[in-house]
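Open your viewer and get ready to select a few pieces one after another. Here is a short tour to follow.

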Amino acid sequence: MGDNYNPYNEVLEIVRQAADLLGYAPKEYEAIKYPERELKVSVPVEMDDGSVRVFEGFRIQHSTSRGPAKGGIRYHEGVNQDEVKALAAWMTFKAAVVGIPYGGGKGGVVVDPAKLSERELRCLTRRFTAMISPIIGPDQDIPAPDVGTNAKVMGWMMDTYSMLKGHCVPGVVTGKPLEIGGALGRKDATGRGVMFTALNVLEVLRMGRGEATVAVQGFGNVGETTARLLHQAGIKVIAVSDVSGGLYKQEGLDIPDICRYITTGENRLLKDYRADGVVHISNRELLGLDVTILIPAALENQINKDNADEVKARIVLEAANGPTTNEADKILFKKNIVVIPDILANAGGVIVSYFEWVQNIQEVMWSEEKINRKLEEIMGNAFLSVWDTATGRKISPRMAAYLIAVKRVVEAKKIRGIWP
């Protein structure tokens, strides 16, 4: 990946470029170069064997100019402060580009959740929630699931915060179980948004679904949902991968069977899947496949200057946050590869999180049909705005998305002014 990769520097560079194109003077966007608040906490947990381990955690709020901070909680061994800063900033621009009234925040704990028992994971979550509770809340900062966390973890967070406040506060987190105020369709929302974006880009490029082929790197919640929904939409998924490696079949993979395999066993990996005609490949080989759409749905920094020349896809659709570095982006642009950026492509999760938050505040429940319909509408409108800007100004969709997002954040800041 390169020792010099710093995801936050990647964000700052693209923001600078967008601000320059918009004609902003440095003083007009200086404030958004820095997170508004960074909290680092030590989280002690009594382990099952009686020992005590202290985990490092973060909650960072990049911007609240357009509304409360919004963003996930990541449990992963690779979490660090610069990564969380970058993820918080990406959330700011993601909410802005799709036009929902949120700022950006993100949190994380340096831990491998697979190595903890359920009791240890619950204790870690409750203590971490208590440690960050002074800066979160339904009007301040609303966490959600991310890599290594899920609806169960969000339920523990909501309960912990509610106990501290002395009453039930469902709106403090999104991505919760339905029984305690979650939204219908939230689990599939990010992948569904990626699917809508894939269909939108195929339409504007006048490419039929029946001729398109797809490769998906990463088969977690987002990657699995994306592959499953694209398969249902009649698009041939010829490769998928997880941390253990990938599967490839030129005639098209049996995605429903792979999904059943993954979900019906504990800690199952794709390297152990077997089926007629399926070839096992590496993640790097998957990224270099000759497909219509390549969907990186794992972690950041997957397509970089070392492998960007190997990408043969016509379209790169970023389901993960920050999977393509700025250097790689320039290489892909020169190769006439259309890159649909993360802040647009994977915004389905934050959009449906917004719907969940609105329902919690209003104490109502929407149907899944209504949620999916509104998600498709918002994703479609945002895509067309980005595409029209890109084609009109002859710039990449990534730069177009940032022009829209940076302008909305800077203008909100200018309207509000600098206090005092």
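Two strands pair if DSSP finds at least two bridges between them. Helices (H or I, at least four residues) and strands (E, at least two) are DSSP runs, numbered from the N terminus. You are looking at a predicted model, where local features need pLDDT of at least 70, side-chain atom pairs count only at pLDDT 80 or more, and totals for chains, interfaces and linings use all residues. Residues are numbered from 1 along each chain as its sequence is written, and side-chain values use heavy atoms, with hydrogens and water left out.

**Stop one: strand β6**

Select residues 213-217, which form β6. Five of its five residues are buried (under 20% relative accessible area, with a 1.4 Å probe and protein chains only). Thr213, Ala215 and Gln217 point one way, while Val214 and Val216 point the other way.

**Stop two: the neighbours of β6**

Which residue of β7 is the bridge partner of Thr213? Look for Lys236. Now show β10 (residues 293-296), which runs parallel to β6 and is joined to it by four bridges. Here Ile295 stands opposite Val216.

**Stop three: helix α4**

Select residues 118-132, the 15 residues of α4. Colour Glu120, Leu121, Leu124, Thr125, Phe128, Thr129 and Ile132, which are buried. Look down the axis of α4: its buried residues fall within an arc of 160 degrees (taken from the directions from the helix axis to the C-beta atoms), so they line one face of the helix.

Definitions and conventions: The expected span of a helix is 1.5 Å times one less than its number of residues. Buried means under 20% relative accessible area, exposed over 50%, partly exposed in between (1.4 Å probe, protein chains only).
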